Amino acid sequence: MTRSADIPWKRLSVEVVVIVSSILLAFWIDAWWDDRSDAVQQRALLEALAEDFRTTRDEFESTSYGHKLVFQSMQQILHWAEAGSVPEEERQDVDGRLSHFFWRQTFDPAMGAVDTILASGRLDLLTNSSLVSELTRWKSLVSDLKGRENDAVEHFYEVIYPFLSARLRIQDLDKDIPYPGGLPWPQQPTEAHLLMADREFHNIVYVHWVLHWNIDQRLPRVDAALDRILTLAQEELKR
């Protein structure tokens with residue numbers, strides 16, 4: 001039997017301490033690396049978010065301008081249609097107002113960073129709860145706006161365009177589209193002002209106005225959400 005006095009307790013104690021310390025150090029390094037990795041991922045996501053939403057801001061400004069142009073032109077046309085005629089001094093404006101109906105740009109935001117964050121399940125990388133809430137809500141805002149835009153596009157191609165093309169030379173309305181070869185369009189007066197006395201025309205323009213009114217009501221919400229997300233992302237990057 002080994003005597004207690006022969007067991008090198010001191011050396012064993014040192015070895016146990018060294019082993020335990022090594023294990024604890026390994027755990028600490030692993031945790032530190034995970035934290036560092038999360039911090040790197042978080043910053044990369046925030047930078048991607050900020051870049052996407054800066055791009056989206058420009059896209060929104062362009063799209064919003066076009067929507068408002070169409071909406072304002074329809075309001076003027078409805079005013080003429082309700083009167084049943086166009087004052088002679090305003091008839092030169094009718095073709096231009098109708099040509100705005102052909103503006104078909106829809107909102108196409110950069111969604112790469114948002115989709116990556118939401119699909120990854122790593123919302124925990126974003127420590128700002130307000131930013132997480134805004135990003136989740138952003139998807140539904142975009143989907144809602146695009147749905148309304150699609151309704152207006154569908155009505156244009158199924159109703160507005162066939163109606164106008166059956167009564168006017170459409171190319172005479174396309175005043176902002178370059179003619180092949182860079183020459184001016186050989187446009188002729190359309191006498192489009194006569195449409196204002198057409199009840200069917202009045203009705204289809206009214207429906208189109210309602211569809212664009214739905215778009216117009218959603219633009220401020222999207223605009224405000226854009227500003228909030230950009231501000232929150234940029235504030236997080238400064239920390």
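User: Let me start with the rule for elements: helices (H or I, at least four residues) and strands (E, at least two) are DSSP runs, numbered from the N terminus. How do the elements of the protein chain run from the N terminus on?

Analyst: They go α-α-α-α-α. The secondary structure comes to five helices and zero strands. Keep in mind that this is a predicted model: local features need pLDDT of at least 70 and side-chain atom pairs count only at pLDDT 80 or more, while totals for chains, interfaces and linings use all residues. Residues are numbered from 1 along each chain as its sequence is written, and side-chain values use heavy atoms, with hydrogens and water left out.

User: Fine. What share of the protein chain's residues count as buried?

Analyst: Of the 239 residues, 36% do. Buried means under 20% relative accessible area, exposed means over 50%, and partly exposed is in between (1.4 Å probe, protein chains only).

User: And among contacts between residues at least 6 apart in sequence, what percentage join residues at least 24 apart?

Analyst: That's 83% in the protein chain, where contact means heavy atoms within 4.5 Å.

User: Let's do helix packing. At what angle do helix 4 and helix 5 pack?

Analyst: About 160°, with their axes 9 Å apart. Axes are lines fitted to C-alpha atoms, for helices over the stretch in contact, and angles run from 0 to 180 degrees between N-to-C directions. Helix 4 and helix 5 are therefore roughly antiparallel to each other. The cut-offs: under 35 degrees is roughly parallel, over 145 roughly antiparallel, 65 to 115 roughly perpendicular, and the rest oblique.

User: What kind of crossing does helix 4 make as it passes helix 5?

Analyst: A left-handed one. Left-handed is when the near helix is turned anticlockwise from the far one by less than a right angle, and right-handed is when it is turned clockwise.

User: How do the residues of the contact of helix 4 with helix 5 divide?

Analyst: Into 23 nonpolar, five polar and 11 charged. Here Ala, Val, Leu, Ile, Met, Phe, Trp, Tyr, Cys and Pro count as nonpolar, Asp, Glu, Lys and Arg as charged, and the others, Gly among them, as polar.

User: OK, and at what angle do helix 3 and helix 4 pack?

Analyst: Helix 3 (residues 112-120) packs against helix 4 at about 115°, with the axes 11 Å apart. That makes helix 3 roughly perpendicular to helix 4. Their crossing is left-handed.

User: Which residues make the contact?

Analyst: From helix 3, Val114, Asp115, Ile117 and Leu118; from helix 4, Leu135, Thr136, Trp138 and Lys139. By type, the residues of this contact of helix 3 with helix 4 are five nonpolar, one polar and two charged.

User: Switching to charges. How many salt bridges does the structure hold?

Analyst: It holds 10. A salt bridge is a side-chain nitrogen of Lys or Arg within 4 Å of a carboxyl oxygen of Asp or Glu.

User: What does Arg228 form a salt bridge with?

Analyst: With Glu134, and the closest N and O atoms are 2.7 Å apart. Arg228 lies in helix 5 (residues 199-237) and Glu134 in helix 4 (residues 129-165), so the pair ties together parts that are 94 residues apart in sequence. Arg228 is partly exposed at 32% relative accessibility, whereas Glu134 is buried at 14%.

User: And which side chain does Arg218 meet in a salt bridge?

Analyst: Asp144, again 2.7 Å from N to O. Arg218 is in helix 5 and Asp144 in helix 4, so this pair ties together parts 74 residues apart in sequence. Arg218 is buried at 13% relative accessible area, and Asp144 is partly exposed at 28%.

User: Which residues do salt bridges that share partners join into one network?

Analyst: Arg57, Glu61, Asp223 and Asp227. Within that set, the side chains of Glu61 and Arg57 meet at 2.7 Å, N to O. Those two are four residues apart in helix 1 (residues 9-83), which separates them by about one helical turn. Arg57 is buried at 14% relative accessibility, while Glu61 is partly exposed at 41%.

User: Last one: is His155 buried or exposed?

Analyst: Buried, with a relative accessible area of 12%. His155 is found in helix 4. Not counting residues up to four places away in sequence, His155 touches Ile160, Ile204, Val207, His208 and Leu211.
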